[in-house]
Each structure stands twice: as C-alpha cells, then as structure tokens.
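Student: I have a new model open. Please show me how to read it.

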Amino acid sequence: MQKVRGGTSGRLVLTALTAVLIAAASGNASAQPSSWGPLADPNPFLGPMGTSTMHGDAGSSDATPLSGPGTGKLAVDPLPLAAACPTLLEGSDGLVLALCTSILGQIPTVHLIDTSSLGTGSAGSSAGSLSPAASVAQLELAKGSLLGGVYAYLDNQNRLVAVDGDRQLVRVQHERMANGGWRLFIDQSVDLASSIPDGDNVTGLAPDWQGNVWFATGAGRVGRVDGEGVARTLQLPAGEEVQNSISTATFGTAVATTHALYQFSAGQDGTPKIDWRAPYDRGSARKPGQLSWGTGSTPTYFGPNGDDYLTVVDNADTQVSVLVYRAATGEMVCSHKVLTTSGPGSENSPIGIGNSVFVAGTYGYPYPTVPAGAGPAVPATAPFVGGMTRVDIDGAGTGCHTVWDNDVRSSAVPHLSTADGNLYTVVRQGLPLSSDGTTPLDGFAFTVIDPNTGSVLATRDLPGTIVNDTLQMSALINSSSDYLQGTISGVIRVRGQ
C-alpha cells in the first residue's frame with residue numbers, strides 16, 4: 001500500500017513508477033491496467049451508457065465510457081438556477097435533463113439544458129459568460145421528502161423517469177415546439193398511491209432488463225412496476241430504511257437499507273422476493289457527514305465481467321470497511337478497512353470497475369440539512385478530513401488489498417473515465433491555516449486524479465464559495481467530454497480547451 005499526501009493542493013508526491021515499486025515491495029504487486037473495465041452490459045431500457053443515471057449506469061458503477069475534460073487547459077461556465085441540482089443526465093440528443101430542488105419552496109424541478117447555449121469561458125478566467133437561455137424549459141414536480149425526487153433516470157426514449165411527492169411514477173418528455181422553443185411535459189404516469197403508504201416517499205428507482213421499474217421507499221418498501229403499470233411491493237422489517245438509490249444487474253436488483261444489503265428478484269407473480277440478505281455493521285449512531293444511520297452507499301455492481309460483485313461501505317464506529325459480495329450468491333469476498341488515514345465514514349457510492357473499488361470519505365462534511373428522522377450525529381460535528389482509498393480484489397477473487405490511500409478532500413461523487421483513464425471529482429479547499437475545518441468561505445476546485453497511484457494530476461479553481469458548494473453531489477461527464485457538476489445553486493461546466 002502507498003499513501004499519497006497533499007492531494008488537495010494539487011502537488012504530486014508519488015509518480016506512477018514509484019507507486020508500482022512500492023506496491024511490489026509490500027507484496028501487493030499488481031499490474032496497473034492500461035485500460036479500465038469492463039463495464040456491465042448496457043441496460044436496454046436506459047438511455048446512453050454513462051449518462052442515464054446519477055451513477056452512470058444501471059449498476060451504479062460511477063464509471064463512464066466517455067472521456068472527460070482531461071488535464072490540459074480548462075474553462076469554466078456557470079449556470080445559476082437558484083436550485084440544488086443532484087441529478088444531471090444526458091440523452092441521445094445531447095440535451096441535459098437536470099432534476100433540481102429549488103431554493104425557494106424546495107420544489108423538485110426538471111430543467112432541460114442546452115449546453116451549447118452556455119457562454120464561452122477562457123482558460124485564464126474564473127468563469128465564462130452565461131446565456132440565461134441555457135435552461136430552455138422547466139417543469140415542476142410535486143414535492144416529497146428531502147431525498148424523495150432526488151433520484152431519477154433516463155429511459156430509452158430520452159424521458160426522465162422519477163416518482164414525485166404525490167407518489168406518481170412519471171416519465172417526463174421534451175419536444176421542440178413550432179415556434180422553436182422547447183417544452184417539458186409528463187408523457188406517462190402511473191399512480192403508486194395504493195402501493196406506497198401516506199407519508200412515505202420513493203428514494204431510488206431503476207429499470208431491470210425486462211423494462212420493469214423497481215423502486216425502494218424511505219420506510220423500507222421495495223416495489224416492482226410491470227409494463228402494464230401494475231405495482232407489487234414487499235415491506236422489509238420495521239426500522240430498515242432506504243436512504244440511497246438502488247441498482248440493477250441482469251440477475252437482480254440491489255437495495256441497501258440502514259441495516260443490510262439485499263438482492264431481489266421477481267417471484268412468479270411479479271412480487272419482489274429476497275435472493276439474499278447481508279447485514280453489516282451500522283455503527284452506534286449517524287455520523288457527521290452522513291445523511292442516515294447506516295451505509296451511505298448506493299450499491300455498486302462491478303467485476304471482471306461487469307457485474308460479478310456487489311459492494312457497499314459499512315458504518316462501523318472507529319473504522320469503516322468496504323464490503324464485497326458475489327452478486328449471484330451473496331457470498332462475501334472480503335471485508336476490507338478503508339479510509340485509514342481519514343475520518344470513518346462515506347456517504348458516497350463507491351466506484352466499481354474491473355477488480356477495483358474506489359471509496360471517498362465524507363466524514364464531517366457540513367451538510368446544511370439531513371432527512372427527517374435521521375437522528376443526531378455523534379459527535380455533532382467533526383473536521384472534514386476527506387481521503388480516498390483504492391482497494392483491489394485479489395486475482396483469485398478470494399480477498400482484497402489496499403492499493404493506495406490519499407488525502408484528497410473530495411466534495412462530490414468521483415467518476416472514473418474508462419476512455420481516458422482519469423478519475424474526476426471536485427475538492428473542497430480550506431482557508432490558509434484552517435486545517436480540516438470548513439467555513440462558508442471555502443473554495444472548490446475541479447480535480448483530476450490518477451487512479452493508478454492516487455496522485456493529483458490537475459486542478460482548476462471553480463467560481464464562488466458556499467453558493468457553489470457541490471455538497472457531495474454526483475457529476476455528469478457528457479458526450480462532449482464536458483464535466484457538469486451540480487451545486488447548491490445550479491450547475492457548473494468544466495470543459496477542455
């Protein structure tokens with residue numbers, strides 16, 4: 001194992017050659033991949049690979065086949081929307097659909113964004129000019145819980161699929177009007193009110209390989225909606241909540257509750273049934289920098305064939321571990337401690353690709369609010385140390401080892417490009433001499449990391465302070481190789497020059 005320090009300032013400590021030599025000396029030598037992959041087979045009921053879900057694909061790999069902006073000259077274009085934008089998706093037409101929550105009223109709002117309308121920033125400026133027409137259409141959805149309406153996906157007709165606060169499964173379509181403008185409208189709707197109790201909201205949803213829509217609610221209800229619009233549900237044990245999204249593979253649907261990791265399939269009548277359940281160490285309380293008392297992971301399918309394994313990070317008190325299971329059986333491959341030089345907690349879905357898992361620490365991140373019923377954090381606050389760990393599955397698939405740790409203070413969900421071999425994220429920059437404390441004056445920087453060594457390859461300051469907090473939200477690498485990052489007030493685009 002090697003440790004890479006000083007990541008947030010962009011200074012490089014270890015070169016790739018040094019990293020390989022250190023790994024060999026420690027007995028954990030493994031060939032550094034010249035290419036990353038494979039990704040799982042694409043889900044035929046999703047839109048384009050890499051841009052159809054918050055985490056890139058049905059399996060939530062947080063890896064994409066698209067190239068990012070790279071490490072050369074970069075320009076930044078902001079799009080203020082007066083809304084937090086956690087979900088950014090791109091269809092086959094190149095238009096971006098953003099599911100945001102307005103600052104005023106906290107109303108879920110779909111924005112149709114034409115990135116070609118964004119201004120052209122220069123590589124030497126902190127931001128480019130902005131065309132207000134970049135958001136070319138908007139559609140408000142019914143308000144639900146804090147996490148209800150956050151997750152959505154694009155189907156194979158470029159429609160945004162979500163469940164609103166009225167428990168309606170909606171498919172939002174966009175079209176150009178005769179006057180040249182755009183409109184968003186609900187193309188299809190399925191009423192789930194009889195399947196989801198009052199006061200409960202859908203947290204995550206994803207299609208399976210037959211086109212059925214699976215969902216999970218905050219109160220632990222797992223459902224499946226078939227092609228006829230018929231919903232069948234299964235209620236999990238009392239106290240088990242779902243506070244992250246869900247994932248699908250060819251043979252099942254993965255759901256992580258605040259107590260256990262599950263894989264489901266459909267019974268003969270279409271009702272969800274449990275294939276296997278794996279409880280994990282949820283710790284003694286919610287931690288600072290987490291939104292619930294339990295794992296912060298959306299389950300991630302990955303592996304040498306694309307979906308061999310399923311992984312989450314637990315919530316153990318003193319040191320968290322990445323847990324890897326064989327997806328087909330639920331057999332544990334390994335439980336391996338991560339974030340050993342940083343705080344013990346992660347609210348983000350791991351990156352999973354090939355035999356590698358990447359975990360970013362969020363312990364102590366200053367979320368402005370948490371979901372109702374999340375409970376107090378213990379301790380109430382903590383410094384945001386950050387840190388990332390790469391763990392590889394051993395060649396025989398019987399254990400894991402750490403490849404590197406670094407101290408990058410990632411403030412967004414990292415994404416790995418299999419096309420250019422870079423790992424992309426945004427880091428939170430502290431004030432001089434402020435150590436790991438956070439303030440409203442902290443800056444943010446687009447950051448490129450070498451996934452082989454954990455070293456920082458490039459950084460680019462982003463505009464603003466707390467108004468552009470990326471709040472551990474997921475980015476979108478689009479078909480133009482742009483990096484689009486949601487913030488608490490809109491979207492920022494980083495593009496190569």
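Predicted model: local features only at pLDDT ≥ 70, side-chain atom pairs only at ≥ 80, totals over all residues.

Student: In what order do the five strands of the open sheet lie?

Tutor: Strands are DSSP runs of E, at least two residues long, numbered from the N terminus. Two of them pair if DSSP finds at least two bridges between them. Here the order is β2-β29-β30-β31-β32, with mixed pairing. β2 (63-64) and β32 (456-461) are the edge strands, each pairing on one side only.

Student: How do β31 and β32 run?

Tutor: They run antiparallel, joined by five bridges. β31 covers residues 443-449. Val448 stands opposite Ala458 in β32.

Student: How many salt bridges are there?

Tutor: A salt bridge is a side-chain nitrogen of Lys or Arg within 4 Å of a carboxyl oxygen of Asp or Glu. By that rule there are 15. One of them joins Arg428 and Asp469, at 3.4 Å from N to O. That pair links distant parts of the chain, 41 residues apart: Arg428 is in strand β30 (residues 423-429), and Asp469 is in the loop between β32 and β33 (473-477).

Student: Are Arg428 and Asp469 buried or exposed?

Tutor: Buried means under 20% relative accessible area, exposed over 50%, and partly exposed in between (1.4 Å probe, protein chains only). Both Arg428 and Asp469 are buried. Now take another pair: Glu331 and Arg326 form a salt bridge, with their closest N and O atoms 3.2 Å apart. Glu331 is partly exposed at 45%, and Arg326 is partly exposed at 25%.

Student: Which residues form a network of salt bridges?

Tutor: Asp77, Asp482, Arg493 and Arg495 are linked in one.

Student: What surrounds Asp208?

Tutor: Contact means heavy atoms within 4.5 Å. Leaving aside residues up to four places away in sequence, Asp208 touches Asn43, Phe45, Trp214, Arg224 and Thr248. Asp208 sits in the loop between β12 (202-207) and β13 (213-217). Asp208 is buried yet has no salt bridge. The nearest side chain of opposite charge, Arg224, is 4.2 Å away. Lys and Arg count as positive, Asp and Glu as negative; His and the chain ends are not counted.

Student: Which backbone nitrogens does the Asp208 side chain reach?

Tutor: The backbone nitrogen of Gln210 lies 2.9 Å from a polar atom of that side chain. For the backbone nitrogen of Gly211, the distance is 3.0 Å.

Key: Residues numbered from 1 in each chain as written. Heavy atoms only, no water. Helix = DSSP H or I, 4+ residues; strand = E, 2+ residues; numbered from the N terminus. Polar contact = N/O pair within 3.5 Å; in protein donor to acceptor, adjacent residues only side chain to side chain.
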